[in-house]
Amino acid sequence: MISEFPRVRFAPSPTGYLHVGGLRTALYNYLFAKNNNGSFILRIEDTDRNRYVEGAVENLIQALRWAGLEFDEGPSKGGEFGPYMQSERLDIYKKYADELIEKKKAYYCFCSAERLTQIRDEQQKQGFQSKYDKHCLHLSENEIKQKLENNEPRVIRMNVEPNIKVVFDDIVRGAVEFDSSVIDDQILIKSDQYPTYHLANVVDDHLMKITHVIRGEEWLSSAPKHVILYDALGWERPVFSHLPLLLNADRSKLSKRQGDVSVEDYRAKGYLKEALLNFVVLLGWNAGDDKEFYYLNEMIESFSLEKVNKSGAIFSLGKLNSLNAEHLRKKPDAELLPMLKEELAQSRYKDFLFDEDYLLKVIEAMKERVSFVKDYIEKSPYFFEAPLEYEEETVKKRWKEDSATLLKKLVSEYDKLENPSKEDYENILKKTAEEHGTGAARLIHPVRLAVSGMGGGPGLFDILYIIGKKETIKRLNRAIENIRI
RNA sequence: GGCGCGUUCGUCUAGAGGCUUAGGACGCUGCCCUCUCAAGGCAGAGAUCACGGGUUCGAAUCCCGUACGCGCUACCA
């Protein structure tokens with residue numbers, strides 16, 4: 001019986017960072033759990049000692065926390081079914097491996113690596129699929145006992161009975177069927193006494209009462225091995241869901257070689273966790289409608305495994321960028337403020353002091369024009385310092401022969417103002433233009449250029465109001481002196 | 001090679017036999033708005049639903065085959 005409240009796990013191996021594909025797997029697990037009032041468990045599959053990476057677990061946990069995928073049980077957090085690090089559960093795996101040997105569902109194998117590669121090469125040369133030949137299955141009790149006593153290197157292998165149909169249900173793919181003859185006598189316990197993924201995974205999922213196994217499609221071919229193990233141990237199988245893969249542009253499995261794949265990379269580039277999550281949830285899932293902008297709580301609400309796609313999705317950044325911009329735009333100014341301050345602290349303006357009111361005004365003015373927090377600085381540096389140069393294109397296009405004269409006149413008018421409002425700047429400019437028998441645009445464009453150094457940006461009067469009268473006049477005078485056609 | 005899984009605009013996708021002249025989003029183009037750039041609105045280009053058979057009055061949707069792609073095929077996970 002599947003318990004009423006599902007229990008799912010994200011079970012990465014600590015390779016050093018959280019892969020975006022892993023993030024999506026974790027997210028789907030998390031969403032499924034939360035959608036069903038279930039539990040989301042983090043388990044570290046560190047059974048390969050050769051691939052151990054210092055600090056990897058901490059990185060993983062940190063990345064998950066950053067993304068907001070809080071787990072209910074796991075390393076450092078604890079829980080009823082710990083420990084949650086497989087390397088701390090070795091005796092448990094041994095116990096079940098022994099039980100399998102007892103039941104003749106597994107056996108000791110003493111074959112050397114040389115013999116193994118030899119038979120494998122042979123089989124491949126003849127066009128067969130490579131499979132262990134069950135040589136050690138036929139060792140006598142005495143031989144086994146002897147070799148064990150001599151402490152000969154050995155592994156424990158699964159004893160797969162051939163010619164049996166192994167069928168299991170997968171929520172994403174429906175019924176999947178394998179012939180047991182194509183399944184190798186998989187190693188369960190390695191010669192270093194560590195378990196392989198297959199054993200550890202099945203044992204832990206059972207002991208941790210995992211009800212739904214939600215993982216990447218690369219595991220689909222291994223699933224029948226796991227099913228055989230559940231059956232051999234007399235355990236109920238969990239429900240499987242094999243997720244479509246995240247792909248490179250060439251449709252191969254998303255890899256490090258072809259771009260950034262770690263969550264940390266995207267975080268460092270300034271992507272919002274909301275956007276990354278939103279982007280990744282759409283790569284393989286859709287509620288069945290046109291909704292594409294999601295907050296985490298909305299995802300929880302709408303998620304279901306039945307709506308997960310079957311085919312892989314190319315991880316291409318176009319949509320991520322637009323989602324990032326949209327999430328950024330929808331963030332309240334109060335949340336944006338500390339982010340901008342942090343960004344400033346890392347910029348060339350780190351020693352300048354800007355008060356919060358000022359920054360809030362900048363945020364308001366630039367909000368619709370940025371895709372990343374750093375854009376507040378990069379796209380409108382003129383809020384932080386006077387322009388050092390003037391865009392050539394814009395000068396060519398907007399600076400006319402009468403510009404300097406008009407600006408001079410404007411400077412003298414602005415100079416008379418006291419605490420000017422946005423409207424004051426606008427009214428005076430319009431009046432000045434009128435007096436010279438020209439349209440406001442004739443003045444607005446060169447003023448914008450003078451004050452910002454560029455041709456685009458927020459409304460001109462917003463800019464003037466934000467930088468203030470003193471700065472405005474200073475910049476206008478500087479432009480009058482420096483811009484030549 | 002074997003086994004498994006997949007295949008709808010460039011990309012992510014909607015589609016559960018008639019609602020489909022295949023819808024949306026990103027990107028692209030144009031227009032509107034406008035002091036500029038964005039945002040927003042509107043419009044457009046873009047998919048013979050991999051191909052071939054079949055089932056059916058009717059198929060992107062069901063079945064079979066083929067092709068192509070991917071995954072797995074380790075004492076890695």
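This is a predicted model: local features need pLDDT of at least 70, side-chain atom pairs count only at pLDDT 80 or more; totals for chains, interfaces and linings use all residues.
Which residues are buried in helix 13, residues 356–366?

Okay, overall shape. Chain A has 20 helices and 11 strands. Its radius of gyration is 32 Å, well over the 23 Å that the globule rule gives for 485 residues, so chain A is more spread out than a compact globule. If you box up the C-alpha atoms along the principal axes, you get roughly 110 × 45 × 40 Å. As for burial, 35% of the 485 residues count as buried. And take the contacts between residues at least 6 apart in sequence: 76% of those join residues at least 24 apart.

Back to helix 13, then. The buried ones are Leu359, Val362, Ile363 and Met366. Look down the helix axis and those buried residues fall within an arc of 100 degrees, so they line one face of helix 13. That pattern is helix geometry: an α-helix has 3.6 residues a turn, so residues three or four places apart point the same way. What sits over that face? The cover for the buried residues of helix 13 includes helix 12 (333–345), helix 14 (375–378) and helix 19.

Now put helix 5, residues 141–149, up beside that. Helix 5 is hardly covered, and among its nine residues the count of buried ones is zero. After helix 5 comes Asn151, and its phi is positive, near 60 degrees.

On to the cores. The largest nonpolar core has 93 residues, and the ones touching the most other members are Leu27, Leu276 and Val280. Helix 1, residues 20–35, gives the most to this core, with nine residues. If you click on Val280, you'll find that it touches Val20, Leu23, Arg24 and Leu27, leaving aside residues up to four places away in sequence. There's also a second, separate core of 23 residues, with Ile183, Ala200, Val202 and Ala232 among them.

Lys95 is in helix 3, residues 90–102. Is Lys95 buried or exposed? Exposed, because Lys95 has 11 C-beta neighbours inside 10 Å, and the cut-off for exposed is 12 or fewer. Lys95 and Ala11 are 84 residues apart along the chain, and their C-alpha atoms are separated by 21 Å.

The other one is Ser76, in the loop between helix 2 (56–67) and helix 3. Ser76 has 11 C-beta neighbours inside 10 Å, so Ser76 counts as exposed. From Ser76 to Val57, 19 residues apart along the chain, the C-alpha separation is 10.0 Å.

That's my tour. Thanks, everyone.

Technical notes. Residues are numbered from 1 along each chain as its sequence is written. Chains are lettered from A and ligands numbered from 1 in the order in which they are written. A residue is buried if 20 or more other C-beta atoms lie within 10 Å of its own, exposed if 12 or fewer, and partly exposed in between; C-beta atoms are placed from the backbone. Helices (H or I, at least four residues) and strands (E, at least two) are DSSP runs, numbered from the N terminus. The arc is that of the directions from the helix axis to the C-beta atoms. Two residues are in contact if their C-beta atoms, placed from the backbone, lie within 7 Å. A nonpolar core is a set of buried Ala, Val, Leu, Ile, Met, Phe, Trp, Tyr and Cys residues joined through C-beta atoms within 7 Å. The radius of gyration is taken over C-alpha atoms; the globule rule is 2.2 Å times the number of residues to the power 0.38.
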